[in-house]
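Welcome! Here is a friendly walk through a structure that may be new to you. Take a look at it first, and then read on.

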Amino acid sequence: MAKDGEKSGWKENIWNPRTREFLGRTASSWGLILLFYLVFYIFLGGLFALTMYVMLQTLDDHKPTWQDRLSIPGMVIRPNADEAFEIVYNIENTESWDMYAQALDKFLAPYNNSIQAQKNHECTPDHFFVQEDSGVVKNNPKRSCQFNRTVLEDCSGLNDPYYGYQQGKPCIIIKLNRVIGMLPGKDGHPPFVTCGPKRYKVGKDQWREDTDKIGELAYYPSNGTFNLMYYPYYGKKAQVNYSQPLVAVKFLNITTNQDVNIECRINANNIPAGTERDKFAGRVSFKLRINTKN
């Protein structure tokens, strides 16, 4: 009998036929509590939607409201070096350097003069191309300046489709990372790139530079400058056709069959020098090795 009583009590905790309660609540009680949570969560959802709507009204579709602007922009090179930042090939092995030439072809295709003439504006060199808004009237989309592939001369791939790799005189393309509103260089002095031997550690307290290996360099445009007319950058949505300026570096007589450690830097009178804490701020380092024998 005790077991039957316990079984009956357990069942009544789930459904009590006398009081018509399910899990201790009547139908009206369940209805009221479900109605309360329904109204409560609808209120929370509405409050969240209203908050998001108000926040979105304060945002500009073309420019970030808040920007943690970098004082020193990063630099990248093309063709893309691997994760170890190494460009290694053998002159006699076409396949080893043809992939670099193809990568540069693909990268420079949007810079063809015909494409640039269709999309972009012919700007006045050596002056910032500032395009202000007229009060609340936004000056969008903003125009962008032409950067023609021919400016890169021997590294444009037009006269030499192999970009010097076949002759052991490879070209490297350098560009600055985009920073909205940045005006690099002041008083009419444009930023420029310099490349040289990278200082690297070879022992506990020993350092070395490949000064005698790097050889002569040629820069395109001349002096490795980023013309002022490509700045400021207003953002991807505001300048949909923006063409990032480039600098090409050609290694004319670099030492072959040896690793050569190279570092390229951006120089400007209003961009501070980078620190050892951030190895990619205002500079890019890579290893170049050109083999002439298998």
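## Aromatic pairs

In this predicted model, the count of aromatic pairs comes to 13. One of them is formed by tyrosine 37 and tyrosine 41, a stacked pair with 6.3 Å from centre to centre and 25 degrees between the planes. Both tyrosines sit in helix α2, which covers residues 27–57, and they are 4 residues apart, about one turn of the helix. Tyrosine 37 is partly exposed, at 41% relative accessible area, while tyrosine 41 counts as exposed at 53% relative accessibility.

For another arrangement, look at tyrosine 111 and phenylalanine 147. Their ring centres are 5.6 Å apart and the planes stand at 85 degrees, so this pair is edge-to-face. It links distant parts of the chain, 36 residues apart: tyrosine 111 is in the loop between α3 (94–108) and α4 (113–119), and phenylalanine 147 is in the loop between α4 and β5 (171–176). Both tyrosine 111 and phenylalanine 147 are buried.

Which residues do ring pairs link into a cluster? They are Phe36, Tyr37, Phe40 and Tyr41.

Next come the disulfides: the structure holds 3 of them. If you count the bonded cysteines along the chain, the pattern reads 1-2, 3-4, 5-6. Cysteine 123 and cysteine 145 form a disulfide with sulfur atoms 2.0 Å apart. This link is left-handed, with -95 degrees about the S-S bond. Cysteine 123 and cysteine 145 both lie in the loop between α4 and β5, so their bond ties together parts that are 22 residues apart in sequence. Cysteine 123 is buried, with a relative accessible area of 13%, and cysteine 145 also counts as buried, at 4%.

Cysteine 155 and cysteine 171 are joined as well, their sulfur atoms 2.1 Å apart. The torsion about their S-S bond is about -75 degrees, so this disulfide is left-handed. Cysteine 155 lies in the loop between α4 and β5 and cysteine 171 in strand β5, so the pair ties together parts 16 residues apart in sequence. Are these two cysteines buried or exposed? Cysteine 155 is buried, with 0% relative accessible area, and cysteine 171 is buried, also with 0%.

## A right-handed disulfide

Cysteine 195 and cysteine 264 form a disulfide too, with 2.0 Å between their sulfur atoms. The torsion about this S-S bond is about 110 degrees, so the disulfide is right-handed. It links distant parts of the chain: cysteine 195 is in strand β6 (residues 192–197) and cysteine 264 is in strand β11, 69 residues apart. Cysteine 195 is buried, with a relative accessible area of 13%, and cysteine 264 is buried with 1%.

## Glutamate 263 in strand β11

Stay in strand β11, which spans residues 260–267, and you will find glutamate 263 there. Is this residue buried or exposed? Glutamate 263 counts as buried because its relative accessibility is 11%, and the cut-off for buried is under 20%.

Its side chain has a polar partner: a contact of 2.9 Å joins the side chains of glutamate 263 and arginine 265. Leaving out residues up to four places away in sequence, glutamate 263 touches Thr194, Cys195, Gly196, Pro197, Lys198, Arg283, Val284 and Ser285. Among them is Cys195, the disulfide partner of cysteine 264.

## The nonpolar core

Finally, turn to the largest nonpolar core, which has 54 residues. Which of its members touch the most other members? They are Tyr165, Ile174, Val193, Phe251 and Ile262. The largest share of this core comes from α3, with 6 residues.

Key. Residues numbered from 1 in each chain as written. Predicted model: local features only at pLDDT ≥ 70, side-chain atom pairs only at ≥ 80, totals over all residues. Heavy atoms only, no water. Helix = DSSP H or I, 4+ residues; strand = E, 2+ residues; numbered from the N terminus. Buried < 20%, exposed > 50% of the residue type's maximum accessible area, 1.4 Å probe, protein only. Polar contact = N/O pair within 3.5 Å; in protein donor to acceptor, adjacent residues only side chain to side chain. Contact = heavy atoms within 4.5 Å. Phe/Tyr/Trp six-rings, centres within 6.5 Å; stacked < 30°, edge-to-face > 60°. Disulfide = S-S within 2.5 Å. Core = buried A, V, L, I, M, F, W, Y, C linked by side-chain atoms within 4.5 Å.
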